[in-house]
Amino acid sequence: MDFIKAMVIAVIEGLTEFLPVSSTAHMIFMSSVFGIEEDNFVKMYQVSIQFGAILAVVVLYSKKFFDFKNVYFYLKLVLAVLPALVLGKLFNEKIDLILEKPIPIAIVLIIGGVVLLFIDRIFKNPSIDSEKNVSYKSALIIGFWQCLAMMPGTSRSAASIIGGMQQKLTRKAAAEFSFFLAVPTMLAVTVYSLFLKNWGTYGGEKKGYELLLHDNYLMLFLAGNMVAFLVAMLAVRFFIGIISRHGFKPWGWYRIIVGSILLSYLIFIR
């Protein structure tokens with residue numbers, strides 16, 4: 001993967017991480033279109049640059065993230081992230097196998113789009129408009145909803161937002177809680193992929209940080225995270241504005257159209 005392709009993938013990550021359209025699916029399919037070989041560095045890169053995008057939330061919502069007097073905020077995030085940490089560890093190998101099969105991901109992208117078309121009708125009359133009013137029980141339930149995103153193509157953002165709306169959060173509050181929950185989730189994923197996970201290579205197994213020491217991988221990794229961060233800064237504000245005015249239907253149709261195009265490409269062209 002050369003520098004230009006790596007930066008395009010980073011732009012896609014920054015644009016889609018917080019949208020309910022599956023950033024992982026978009027990166028995998030773009031890699032397929034570019035003809036990027038799915039080696040271990042590429043897989044690690046696609047996962048770890050998500051943390052660059054997540055940092056945009058920390059900056060944009062810095063007052064909430066660094067309000068150390070509100071310890072309950074942090075406790076709720078810790079509780080909400082626990083299901084993903086446990087289940088992610090248990091099913092990590094199976095998730096890696098799915099990442100190598102883009103057709104199921106395209107199908108999930110379409111199914112998720114259909115769900116988003118009706119989500120505003122399903123969960124009516126929200127009563128919680130701030131993360132301060134989210135109970136510990138609701139935070140844990142939203143955390144379990146987030147685990148649906150372990151199937152690539154589902155979208156971590158979509159799963160946790162739907163979970164929030166099921167727990168009576170408004171669209172805006174559900175989206176923002178999803179943003180907040182992404183920070184510890186992707187921090188954990190990044191730490192795992194860089195320092196704990198063994199990536200099989202022709203020279204044996206290596207940790208993620210060891211892969212970065214080869215060729216220009218470290219430069220690609222750092223630049224990719226920076227690009228994802230900058231693009232995500234714009235995408236977050238854009239997304240909040242869209243769902244506040246139009247709900248989730250635009251994203252539902254987007255998923256259906258893009259998923260159908262990608263499925264057709266994978267079956268008939270590639």
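The structure is a predicted model, in which local features need pLDDT of at least 70 and side-chain atom pairs count only at pLDDT 80 or more, while totals for chains, interfaces and linings use all residues. Residues are numbered from 1 along each chain as its sequence is written, and side-chain values use heavy atoms, with hydrogens and water left out. The chain has a mean pLDDT (the predictor's confidence in each residue, from 0 to 100) of 87, and 94% of its residues reach 70 or more. Helices are DSSP runs of H or I with at least four residues, strands are runs of E with at least two, and both are numbered from the N terminus. Confidence is highest in helix H9 (residues 136–146), at a mean of 95, and lowest in helix H7 (residues 92–99), at 63. Where pLDDT is low, the predicted coordinates should not be read in detail.

Burial was assigned from relative accessible area: buried means under 20%, exposed over 50%, and partly exposed in between (1.4 Å probe, protein chains only). Helix H4 (residues 50–60) is largely enclosed by the rest of the structure, because eight of its eleven residues are buried. The buried residues of H4 are Gln 50, Phe 51, Gly 52, Ala 53, Ile 54, Ala 56, Val 57 and Val 58. Their cover includes H1, H2, helix H3 (40–48), helix H5 (62–65), helix H11 (171–196) and H13. Ser 22, in the loop between helix H1 (3–16) and helix H2 (23–34), is also buried, at 3% relative accessibility. Its contacts (heavy atoms within 4.5 Å) are Leu 109, Gly 153, Thr 154, Ser 155 and Arg 255, residues up to four places away in sequence not being counted.

Aromatic pairs were defined for rings of Phe, Tyr and Trp (its six-membered ring) with centres within 6.5 Å; planes under 30 degrees apart count as stacked, over 60 as edge-to-face and the rest as tilted. By this rule the count comes to 15 pairs. Phe 65 and Phe 73 form an edge-to-face pair, at 5.7 Å centre to centre and 80° between the planes. Phe 65 is buried at 9% relative accessibility, and Phe 73 is buried at 4%. Phe 238 and Trp 251 are likewise paired edge-to-face, with 6.2 Å between centres and 85° between the planes. Phe 238 lies in helix H13 (residues 217–246) and Trp 251 in helix H14, so this pair ties together parts that are 13 residues apart in sequence. Phe 238 is partly exposed at 46%, whereas Trp 251 is buried at 9%. Ring pairs link these four residues into a cluster with others, among them Phe 18, Tyr 61, Phe 179 and Phe 239.

Five salt bridges were found in a search of the whole structure; the criterion is a side-chain nitrogen of Lys or Arg within 4 Å of a carboxyl oxygen of Asp or Glu. One joins Glu 17 and Arg 156, at 3.7 Å from N to O. The partners belong to distant parts of the chain, 139 residues apart, with Glu 17 in the loop between H1 and H2 and Arg 156 in helix H10 (residues 156–166). Glu 17 is buried at 3% relative accessible area, as is Arg 156 at 11%. A salt bridge between Arg 171 and Asp 120 has its closest N and O atoms 3.5 Å apart. This pair links helix H11, which holds Arg 171, to helix H8, which holds Asp 120, across 51 residues. Arg 171 is partly exposed at 27%, and Asp 120 is partly exposed at 24%.

Within helix H11, Lys 172 and Glu 176 lie four residues apart, about one turn of the helix. Their side chains meet in a salt bridge of 2.9 Å, N to O. Lys 172 is partly exposed at 40%, whereas Glu 176 is buried at 10%. Salt bridges that share partners join Lys 172 and Glu 176 with Lys 64 and Glu 131 in one network.

H8 supplies the largest share, four residues. Ile 267, located in helix H14, is partly exposed at 47% relative accessible area.
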